[in-house]
Amino acid sequence: MTDPGATKHGPGRILIAVYGVFALAATARAGVQIATKFGDAPIAYLLSAVAAVIYCAATFALAKATVVSRKVATAAIAVELAGVIAIGAFSYAVPDDFPDATVWSHFGQGYGFVPLVLPVLGLLWLRRTR
């Protein structure tokens, strides 16, 4: 039987903290970018906002640690991983569409590739605690 609360104990606390930092950072970055220079790179800035929403959803779902929130966390983190891979590849293939970086462009290079590693760790943690 699954212990839904297991996601918020032990190393899960560190995972939640890192997701929280990324949720705040991505939200702040997207907010500033959209408010001050949206016309410069609208695709990039909207993708940063999408990343922020996903980080917030993952953070709250991991911290809530219920049966339903585990499903939400799994879905959010899976979408996050797909987004990092897709946007990372797209940002190299069509660099003109990314005149300014997003959280996920170049596979999270601007954030030390943490955006690429974080969803893998998140999914592994969810699997380990089921």
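Is L121 buried, partly exposed or exposed? At 45% relative accessibility, L121 counts as partly exposed. The cut-offs explain the label: buried means under 20%, exposed means over 50%, and partly exposed lies in between. Keep in mind that this is a predicted model.

## L121 and its surface patch

L121 sits in helix α4. This residue belongs to a nonpolar patch on the surface.

## How α1 meets α4

Helix α1 covers residues 11–37. It packs with α4 at an angle of about 145 degrees. The two axes are 11 Å apart. The contact involves P11, G12, L15, V18, Y19 and F22 on the α1 side. On the α4 side, the residues are V114, P115, L118, P119, L121, G122 and W125.

The crossing of α1 past α4 is left-handed.

## The loop between α3 and α4

Helix α3 spans residues 67–93, and α4 spans 114–128. S105 is found in the loop between them. Is S105 buried or exposed? S105 counts as buried, because its relative accessibility is 3%. Beyond its neighbours within four places in sequence, S105 is in contact with I87, S91 and F98.

V94 lies in the loop between α3 and α4. V94 has 28% relative accessibility, so it counts as partly exposed. V94 and G12 are 82 residues apart in sequence. In space, their C-alpha atoms are 36 Å apart.

Notes. Residues numbered from 1 in each chain as written. Predicted model: local features only at pLDDT ≥ 70, side-chain atom pairs only at ≥ 80, totals over all residues. Heavy atoms only, no water. Helix = DSSP H or I, 4+ residues; strand = E, 2+ residues; numbered from the N terminus. Buried < 20%, exposed > 50% of the residue type's maximum accessible area, 1.4 Å probe, protein only. Contact = heavy atoms within 4.5 Å. Patch = residues over 30% accessible without salt bridge, like charges linked within 9 Å, V, L, I, M, F, W, Y side chains within 5 Å. Areas by Shrake-Rupley, 256 points an atom, 1.4 Å probe, with all protein chains shown as cover. Salt bridge = Lys/Arg side-chain N within 4 Å of Asp/Glu carboxyl O. Axes fitted to C-alpha atoms, helices over the stretch in contact; angles between N-to-C directions. Left-handed = near helix turned anticlockwise from the far one by under 90°.
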